[in-house]
Amino acid sequence: MNYKIEGGNLPVLLVQLEAGEEMKCEGGSMSWMDDEIEMKTQGGGIGKMFGKMFTGESMFSNVYHANRAGEIAFASSFPGSIKAIEVTPDKPVIAQKSAFLASYGDIDISVFFQKKLKSGLFGGEGFLMQKFSGNGIVFIEIDGSAVEYDIPAGDCKIIDTGYLAAMDASCSIDTRTVKGVKNVLFGGEGLFNTVVKGPGHIIVQTMPIQKTAMAIDPFITKTTTTTSN
């Protein structure tokens with residue numbers, strides 16, 4: 001298997017499969033492919049199907065098998081970037097909901113539950129995230145550009161709501177209250193920040209889809225109002 005990512009801020013993952021190789025993705029992620037590749041749809045059990053639904057993914061996944069050498073493409077669903085992450089048995093990865101684009105190898109996708117009530121309610125990532133384990137490569141969608149950090153044990157990174165894209169499972173998530181009434185009321189950062197503690201590798205994103213939606217909403221509302229009048 002060879003792959004390349006093209007398209008700049010509107011990226012597409014181009015994968016060249018050899019005969020007998022397979023790629024897995026959620027339903028609807030494939031953009032185009034050669035005739036040498038065959039699709040098979042699978043569910044993966046009731047538990048996993050409902051887990052996918054709660055994390056924003058399709059309940060069914062597609063496996064694309066190369067009968068002969070051929071190319072298959074997976075385009076991103078939002079302006080940003082596509083990141084390839086190597087997953088090993090001793091290094092599972094946690095990612096935001098709806099991050100999964102495609103995978104190669106023996107990758108298991110499951111639901112990751114936030115253990116702390118405060119982190120789930122106020123941490124910005126919700127109670128449910130995605131966990132990738134096994135042995136292979138997982139390709140995830142990043143909102144905007146990806147910026148990566150290695151956090152040593154005993155250290156942490158303070159992240160605003162929605163900016164955490166992925167992290168090693170060795171990291172942990174907590175929340176921290178913004179100090180000072182003036183900071184809370186006029187700082188524009190809200191009441192809580194997400195705290196990611198090491199050790200481990202994290203990926204943050206520069207254009208969370210929630211922030212983008214909030215930024216363009218006034219223009220959409222204005223356009224809709226003008227059109228209706």
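Colleague: How many disulfides does the structure hold?

Modeller: The structure holds 0 disulfides, where a disulfide is a pair of cysteine sulfur atoms within 2.5 Å. This is a predicted model, in which local features need pLDDT of at least 70 and side-chain atom pairs count only at pLDDT 80 or more, while totals for chains, interfaces and linings use all residues. Residues are numbered from 1 along each chain as its sequence is written, and side-chain values use heavy atoms, with hydrogens and water left out.

Colleague: And C25, is that buried or exposed?

Modeller: C25 is buried, with a relative accessible area of 0%, and C171 also counts as buried, at 6%. Buried means under 20% relative accessible area, exposed over 50%, and partly exposed in between, with a 1.4 Å probe and protein chains only.

Colleague: Changing topic, what is the mean pLDDT of the protein chain?

Modeller: The mean is 83, and 76% of the residues reach 70 or more; pLDDT is the predictor's confidence in each residue, from 0 to 100.

Colleague: Which elements have the lowest and the highest mean pLDDT?

Modeller: Helix α3 (residues 181-186) has the lowest, at 43, and strand β2 (residues 12-17) the highest, at 98. Helices (H or I, at least four residues) and strands (E, at least two) are DSSP runs, numbered from the N terminus.

Colleague: What about E148 and K83?

Modeller: Their side chains meet in a salt bridge at 2.4 Å, N to O. E148 lies in strand β12 (residues 146-151) and K83 in strand β8 (residues 80-87), so the pair ties together parts that are 65 residues apart in sequence.

Colleague: And which residue forms a salt bridge with D174?

Modeller: That is K197, with the closest N and O atoms 3.9 Å apart. D174 is in strand β15 (residues 172-177) and K197 in strand β16 (residues 192-197), 23 residues apart, and the pair links distant parts of the chain. D174 is buried at 14% relative accessible area, whereas K197 is partly exposed at 36%.

Conventions
A salt bridge is a side-chain nitrogen of Lys or Arg within 4 Å of a carboxyl oxygen of Asp or Glu.
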